[in-house]
Amino acid sequence: MLPAPGTPVPDVFSPGKLGNVTLRNRIVKAATFEGRCPGGRITDELIEFHAEYARGGVGMTTVAYLATSPEGRTDRHQYHWGMDDGGMLRKLTDAVHAEGAAVAAQVGHAGAVANAASNKMSAMGPSRIPAPTGMAITKACTEADIDRIVADHVRAARGAHEAGFDAIEVHFGHNYLVSEFLSPKLNRRKDSYGGSLENRARFARRIGRAIRDEMGDKIAVTIKLNMDDGVPGGFWVDEAVQVARWLEQDGSADALVMTVGSSLLNPIYLFKGDAPLAEFAATQPAPIKLGMKIVGPKMFKEYPYSDAYMFDDARQIREAVDLPMMLLGGIVDRPSIDKAMGSGFDFVAMGRALLREPDLPLKLQADDRRRSLCNHCNRCMATIYSGSRCVLREYVPPIPARSGS
Ligand SMILES: Cc1cc2nc3c(=O)[nH]c(=O)nc-3n(C[C@H](O)[C@H](O)[C@H](O)COP(=O)(O)O)c2cc1C
Ligand code: SF4
């Protein structure tokens with residue numbers, strides 16, 4: 001619900017409670033796929049990536065996209081739960097805790113976003129739908145697949161708890177598998193998982209409840225839920241309001257993180273800003289590069305960026321549920337943070353602003369006029385296969401020529 005007039009507004013640098021965990025402040029590093037797990041191996045580079053955000057002052061950092069299932073990896077250079085991590089996830093959580101921050105694991109199944117050719121396994125969807133990165137058509141999940149993937153989510157939650165994570169973020173967004181089930185465009189099923197919203201949400205609700213039944217309050221659970229796929233005929237905010245209400249009734253989430261867009265059909269809608277088509281095409285193998293030349297301009301549409309660009313939609317969810325919520329999308333300075341805090345959001349999540357400057361929280365704390373240096377060029381998106389990074393961070397200004405020497 002929106003806060004009643006006169007309700008004190010929490011300061012973003014005050015501690016915030018997320019399930020049974022207390023974060024030292026209310027700034028969360030949003031999941032940005034790191035590209036630091038060759039062959040699924042957790043590396044020291046991945047650990048250092050997250051330790052840097054912890055040193056930079058976030059309340060919690062999120063390790064992006066640890067797949068629930070082998071075929072749910074976007075490609076083979078990704079960890080999936082059930083693999084032996086050689087104790088490296090524990091090393092990661094210890095390193096973040098040593099810097100005073102909490103750490104979440106994002107868990108999910110990529111559905112049609114998975115690269116079947118790289119994984120050497122069919123990608124899965126609610127129905128048979130084109131899976132462009134692996135140049136294949138998904139296998140439609142059987143009821144047995146659904147049962148197994150629900151159980152894989154529970155295994156992921158258990159694994160995250162055992163490795164010392166404080167929270168898991170369950171991915172119900174971006175037209176990954178669960179979000180594909182929610183979408184009336186992508187879900188063409190005729191059984192109890194397709195058709196009405198109640199049916200399309202059945203898979204999501206089963207996952208949420210199964211995790212809670214197994215884990216209780218041993219680990220905090222956040223759910224990253226789409227509110228608008230950005231695709232005609234896709235999942236839309238009025239349906240997201242109802243799904244958020246059901247998740248609240250089910251008691252499956254400690255907080256909701258609302259998001260938008262489709263990694264499958266409309267990726268820039270997630271971010272707003274520039275569409276770095278040429279940079280993205282350059283990272284792809286030849287046949288996909290050619291395909292991108294043809295369909296790229298249609299798929300990689302640009303959208304005008306504005307600060308706190310998900311606020312208006314997320315506020316509709318805020319009005320509908322009492323659950324704690326994080327505001328994501330274009331959180332870059334004190335005004336965008338204060339807008340969230342003053343409207344009943346309990347946390348803010350930042351992706352690109354922290355990629356650009358991992359120590360932005362400390363900078364904002366020292367100077368409340370400070371604004372992120374991220375210019376939403378989105379060129380970091382093209383680096384996800386080679387170690388995600390802000391391309392501007394690598395830029396070293398030329399040393400001015402010294403006269404008279
Ligand atoms: C390089 C990069 C990688 C991303 N990887 C993921 C991911 O693995 N999982 C996810 O849910 N979102 C991912 N995102 C989306 C962010 O979590 C976030 O939703 C989006 O960037 C909007 O927030 P921002 O305006 O603070 O950047 C990624 C974003 C970027 C820039
Ligand atoms: S490359 Fe850097 S400046 Fe550009 S959007 Fe990504 S984080 Fe921001």
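**Crossover at β11**

I began with β11, α8 and β12, which make a right-handed β-α-β unit. I take right-handed to mean that, with the strands pointing away from the viewer, the path from the first strand over the helix to the second runs clockwise. Helices (H or I, at least four residues) and strands (E, at least two) are DSSP runs, numbered from the N terminus.

I note that this is a predicted model, in which local features need pLDDT of at least 70, side-chain atom pairs count only at pLDDT 80 or more, and totals for chains, interfaces and linings use all residues. Residues are numbered from 1 along each chain as its sequence is written, chains are lettered from A and ligands numbered from 1 in the order in which they are written, and side-chain values use heavy atoms, with hydrogens and water left out.

I then looked up helix α8 (residues 237–250), which lies across β10 (167–172), β11 (220–226) and β12 and runs at about 165 degrees to β11. Such angles run from 0 to 180 degrees between N-to-C directions, with axes as lines fitted to C-alpha atoms, for helices over the stretch in contact. Contact means heavy atoms within 4.5 Å.

**Barrel and strand pairing**

I traced eight strands that close into a barrel, in the order β3-β4-β5-β10-β11-β12-β13-β14, with parallel pairing. From one strand to the next the twist averages 25 degrees. Helix α1 (residues 44–55) packs on the sheet, where it touches β3 (27–29) and β4 (60–67), and its direction makes about 150 degrees with that of β4. I count two strands as paired if DSSP finds at least two bridges between them.

I checked both sides of β12. Five bridges join β11 to β12, and the two run parallel; the partner of Asn226 in β12 is Thr259. Leu256 has Met325 as its bridge partner in β13, and Val257 has Met326.

How many residues of β12 are buried? I find five of the five, so the strand is largely enclosed by the rest of the structure. Ala255, Val257 and Thr259 point one way, while Leu256 and Met258 point the other way. Buried means under 20% relative accessible area, exposed over 50%, and partly exposed in between (1.4 Å probe, protein chains only).

I looked at α11 (residues 311–320), where Phe311, Ala314, Ile317, Arg318 and Ala320 are buried. Their cover includes α8, β12, β13 and α12 (334–342).

Pro324 is placed in the loop between α11 and β13. Pro324 counts as partly exposed, at 25% relative accessibility. Not counting residues up to four places away in sequence, I list its contacts as Asp254, Ala255, Leu256, Arg318 and Asp346.

**Aromatic pairs**

I found eight aromatic pairs in the structure. Rings of Phe, Tyr and Trp (its six-membered ring) pair if their centres lie within 6.5 Å; planes under 30 degrees apart count as stacked, over 60 as edge-to-face and the rest as tilted.

Phe181 and Phe203 have ring centres 4.6 Å apart and planes at 50 degrees, so I record the pair as tilted. Phe181 lies in α5 (residues 177–182) and Phe203 in α7 (residues 202–215), so the pair ties together parts that are 22 residues apart in sequence. Both Phe181 and Phe203 are buried. Phe181, Tyr193 and Phe203 form one aromatic cluster.

I also recorded Phe311 and Phe345, a tilted aromatic pair at 6.2 Å centre to centre, with 50 degrees between the planes. This pair links distant parts of the chain, Phe311 in α11 and Phe345 in the loop between α12 and β14 (347–350), 34 residues apart. Phe311 and Phe345 are both buried.

**Charges over rings**

Which ring lies under the charged end of Lys339? I find that of Phe311, with the charged end 4.6 Å from the ring centre. Lys29 lies over the face of Tyr53, at 4.9 Å from the ring centre. My criterion is NZ of Lys or CZ of Arg within 6 Å of the ring centre and within 35 degrees of the ring normal.
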